[in-house]
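Please take a moment to look over the sequence and the model before reading on. The paragraphs below are meant to be followed with both in view.

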Amino acid sequence: MSLSAYQKENDGMINSFLGRTFFEAWKHPEDDRLLNFQSLELILNYKCDLGCKYCYVHRFGDELYPPEIQDSQTILSNAELVLDWLARNGYHPSKIELFSGEPLIQPLAFQVLDRVLDRIRGSQTRIVIPTNFTFLLNDALTKRVEAHLQLSKDQGNPIFLSASIDGKYCETNRPFLDGRPDPRDDAYYEKAFAFVKKWNLGFHPMLYSERIEYWKRNFLWFQEMFKKYKLPWYHLYLLEVRNAEWSVPQILEYGRFVEFLIKWCYDKCGRNFSRYREFLFRHRGFNMLANPLSTVGRGIGCSIQATFAVRLGDLSIVPCHRTSYKPFILGKMRVEGGRITGIEALNPELWIALVSVDGNCLPYCEQCMIKSLCPKGCFGSQLEINGDLFEPIPTVCMLMHEKIRAMVKTYEELGIYSSILASVNEDKRQALEQVRAMMRR
């Protein structure tokens with residue numbers, strides 16, 4: 001196939017960029033200078049057994065991952081092509097993530113996982129799989145998952161499951177697609193926590209606008225379960241759903257939860273700032289308390305700049321699993337003679353823009369007083385609402401402003417505001433002081 005001069009130039013530019021970032025990092029995973037380019041995400045399909053109220057897969061799955069590219073045999077064959085390409089080039093990503101609506105209820109995921117484990121044997125690659133944990137409702141599936149966890153552990157390529165359950169008092173935001181009565185009762189949660197304890201996994205609940213008023217009770221329930229199963233109390237990764245649905249009363253309720261959470265954690269640390277600081281920065285502060293105060297070393301806090309995402313159904317390279325709409329496909333793996341021979345650039349302008357953008361320079365953000373503290377919105381959610389990847393959603397901006405206001409107010413009440421200021425960089429100090437001054441007017 002003869003390529004135009006224009007296509008050759010675009011391909012050359014993108015392959016040059018990849019050769020100095022992701023591909024170089026995969027050849028030298030020990031190089032700390034390339035930490036932001038270590039991850040490879042393999043997107044299987046968007047099949048799931050839940051219809052979560054806040055989930056983009058539930059609402060837009062057929063557009064993100066069209067039905068015609070969800071043939072399991074094609075996906076499996078393409079996974080083998082990608083794994084062969086990695087091996088031939090001496091690429092060893094530090095992390096391979098298997099992503100789907102819910103992978104661990106599908107035979108396909110286990111077939112792909114078997115091939116991944118076989119190919120990465122002897123490397124330092126770890127595997128991450130986000131899962132809604134409904135496989136625990138099926139004993140045969142649970143045994144199959146455990147067998148793979150044990151195999152990966154023995155092999156030295158541990159599988160880490162991210163348990164995406166929202167908790168006893170918020171799980172109604174995640175109903176089953178088939179409309180069945182929810183089987184996730186107390187016995188199910190006991191099984192889930194025992195499973196997490198056994199395999200040293202983590203919980204990743206989402207804070208959604210609906211039922212936000214239950215989150216204090218939900219958080220305390222998580223803590224009771226952590227204590228029961230002897231898990232660390234900070235063993236929780238909380239992330240706000242950055243969708244447009246947040247109302248003013250819900251945002252204010254979220255602010256009250258932030259105030260409650262900080263006070264609870266400070267008490268848990270014995271009202272000792274050194275211990276609280278360790279919780280924030282070493283133990284990641286449930287994510288939601290740490291991210292305004294931490295520095296990530298890239299322009300956007302989410303993983304879109306740090307992940308090479310491949311949609312296995314058609315070998316498209318996409319910005320992330322929430323932005324894989326047709327107009328935003330970045331490139332494609334070129335297959336010739338039954339093997340991947342290179343990367344075809346389809347949207348090089350967007351590709352370079354996404355990996356190089358600084359969130360603080362985005363429209364609206366550039367003049368915002370909390371830009372140094374805000375984790376920024378989700379590009380996929382912004383595209384769905386505004387038709388623009390880079391334009392913030394006003395209600396999400398309100399949510400983040402309320403979060404910072406609540407943090408400043410609570411740290412002042414606890415008498416540790418000056419200690420927080422001393423723990424962050426100059427940009428964040430100035431932003432916190434601006435917020436405090438605004439609150440005092």
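Predicted model: local features only at pLDDT ≥ 70, side-chain atom pairs only at ≥ 80, totals over all residues.

Residues are numbered from 1 along each chain as its sequence is written, and side-chain values use heavy atoms, with hydrogens and water left out.

Helix α6 covers residues 139–155, and its 17 residues reach 24 Å from the first C-alpha to the last, close to the 24 Å expected at 1.5 Å a residue (the expected span being 1.5 Å times one less than the number of residues). Within α6, the buried residues (under 20% relative accessible area, with a 1.4 Å probe and protein chains only) are Leu141, Thr142, Val145, Glu146, His148, Leu149, Ser152 and Gln155, and what covers them includes α5, β4 and α7.

A cavity is a set of points on a 1 Å grid over the protein atoms alone where a 1.4 Å probe fits but cannot get out, and its lining residues have an atom within 4 Å of a point. The whole structure has three cavities of 30 Å³ or more. The second largest cavity holds about 40 Å³ of space, and α6 gives the most to its lining, with three residues. Among the lining residues are Val145, His148 and Leu149, together with Phe110 and Ile159, and by class the lining has eight nonpolar, one polar and no charged residues.

The largest cavity holds about 100 Å³. Of the 13 residues that line the largest cavity, Ile304, Thr307, Leu330, Trp351 and Val355 are the closest to its centre, and β8, β9 and α11 are the elements that each give two or more residues to this lining.

An open space remains to be described. The second largest pocket has a volume of about 260 Å³, and of its 20 lining residues Tyr364, Cys365, Pro392, Ile393 and Cys397 are the closest to its centre. A pocket is an open set of points with protein on both sides within 12 Å along at least five of seven lines. Helix α13 supplies the largest share of the pocket's lining, five residues.

Definitions and conventions. Points joined across faces, edges and corners; volume = space filled by probe spheres on them. Helix = DSSP H or I, 4+ residues; strand = E, 2+ residues; numbered from the N terminus. Buried < 20%, exposed > 50% of the residue type's maximum accessible area, 1.4 Å probe, protein only. Contact = heavy atoms within 4.5 Å. Nonpolar A, V, L, I, M, F, W, Y, C, P; charged D, E, K, R; others polar.
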